[in-house]
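Morning, everyone. Please have the sequence and the model open in your viewer while I talk.

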Amino acid sequence: MTSSGQDLLFGVLAVQLGLVSAQQVMAAAGAWAADRSRCLAERLEEDGAISPARRKMIEDMVSDAVRAHDGDARETLLTFGGEQAMLQSIGGSVRISTDGELSFGPEPDTGSGEEGLAVTPETQGRYSLRDSTSKGPAEGRGSPELGRGGMGRVLVAFDEHLGREVAVKELLPDMRGRSPSLDTPEYRASDLVVRFLREARVTGQLEHPNIVPVYELGRRGDGTLYYTMKIVRGRTLADELRKCRGIQDRLKLLGHFVDVAQAVAYAHSRGVVHRDIKPENVMLGEFGETVLLDWGLAK
C-alpha cells in the first residue's frame, strides 16, 4: 500500500474513533492533496486537530492493520468497517481504484469518461423535453432551454420514471453543429469534456441546501454526455442587483449573500474551491432559495 493510502486510512480511523471531525480531516486532506510533502497526520497535528500522542496511537493501529493484511487496501479498510464506514466518515472524496489503492479527491480526468457513464436501458427515453415557460409538455410551443453558458446549455425535462421536472445540462454543439461525443476521438480527451465531467462530479459530491443537487451523470447511446439536477426557477443575483436603487434595496439581498457564503464554506470544508463566484452564478428561486451554480472551474 502506498503512503497516501495509509494517510487516508489514518483519516478514516481518526473520524471513526471520534478523535477528529470529518470537516477537520477534509480541510487537511484538501491541502494535503495539493502538496504531499507533509502527510495528512502531520497536517492534522499542525492544525491542532489531534495531539501527538493520539496521532502516534492511530498511526500504530493503521500500520498494524496494513501489515496484518499484507498491504491490501480493501482488506485493511474492512477492518475499519468497509466502504460504507468510509463514506459515513469522510464522504465520497476517497476512492478505491481498480487495483485496490486508496486515493483522495474526485476521479482523475482521463478524458475517456467511460467508467460510471454507461447508459442503461432504463435511462434510454427516460427524459422528455418541456417548454421552459410552462408546466406542461413542450409539444413545440416554446423552447425547452432554461439557460446556457460558455460550454453548455440547460434544458427543462420531465423524468418519466419519477414524475418530476428536472434540469438537464449538456454540452453545446461545435461550429459544425456536432455534439461533443465520447465516441469521437477529438472530443474524448478534450478540455471541454474534461471540464464538463469535473463539474458534474464535483457538484455531485457537495450536498448542501445552497448547492444544486446532481441526480444523474449519464452517457447517451450516441456518446454525448449529460447530467440532471434539481430545477431552480427564478432570477440571478445579478438581475436583482441591477434593480436596486439604493442601499436599502441592497440590504434586502443580504440574506442571499449569507447563503452563498455558507455554501462556499461548506465546499471549502470538503476541499473544493469554486473559482468563479459572481452574481451571475447565483440563482434566487421563486420561494426564497439561494443556489450557487456553475462549478465547471472548481478545483
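Let's start with the lining of the largest pocket. Its residues divide into 12 nonpolar, 7 polar and 10 charged. Here Ala, Val, Leu, Ile, Met, Phe, Trp, Tyr, Cys and Pro count as nonpolar, Asp, Glu, Lys and Arg as charged, and the others, Gly among them, as polar.

Some ground rules. This is a predicted model, so local features need pLDDT of at least 70 and side-chain atom pairs count only at pLDDT 80 or more, while totals for chains, interfaces and linings use all residues. Residues are numbered from 1 along each chain as its sequence is written, and side-chain values use heavy atoms, with hydrogens and water left out.

Back to the pocket. It holds about 610 Å³ of space. The lining counts 29 residues, and the closest to the centre are Gly147, Arg148, Val154, Lys169 and Leu293. The search runs on a 1 Å grid over the protein atoms alone; a pocket is an open set of points where a 1.4 Å probe fits, with protein on both sides within 12 Å along at least five of seven lines, and lining residues have an atom within 4 Å of a point. Points are joined across faces, edges and corners, and the volume is the space filled by probe spheres set on them.

Which elements each supply at least two residues of that lining? Strands E4 (145–148), E5 (152–159), E6 (164–171) and E8 (225–229), plus helix H8 (191–205). Helices (H or I, at least four residues) and strands (E, at least two) are DSSP runs, numbered from the N terminus.

Now E5. Of its 8 residues, 7 are buried, meaning under 20% relative accessible area with a 1.4 Å probe, protein chains only; over 50% is exposed, and in between is partly exposed.

Who pairs with E5? Strands pair if DSSP finds at least two bridges between them. E3, residues 127–129, runs antiparallel to E5 with 3 bridges. There, tyrosine 127 faces aspartate 159. E4 is also antiparallel to E5, again over 3 bridges. Two residue pairs to click on: glutamate 145 opposite leucine 155, and glycine 147 opposite valine 154. E4 and E5 make a hairpin with 3 residues between them.

On to E6. It joins E5 through 8 bridges, antiparallel. Valine 156 has alanine 167 as its bridge partner. This hairpin has 4 residues between the strands, and glycine 163 in the turn has a positive phi of about 65°.

Next, aromatics. How many aromatic pairs does a search of the whole structure find? It finds 1. Phenylalanine 196 and tyrosine 227 sit 5.3 Å centre to centre, with 50° between the planes, so the pair counts as tilted. The cut-offs: ring centres of Phe, Tyr or Trp (its six-membered ring) within 6.5 Å, with planes under 30 degrees apart stacked, over 60 edge-to-face, and the rest tilted. Phenylalanine 196 is buried at 0% relative accessible area. Tyrosine 227 is buried too, at 2%.

Last, a charge over a ring. Arginine 164 lies over the face of tyrosine 215, 3.9 Å from the ring centre. The test asks for NZ of Lys or CZ of Arg within 6 Å of the ring centre and within 35 degrees of the ring normal.

That's my tour. Over to you.
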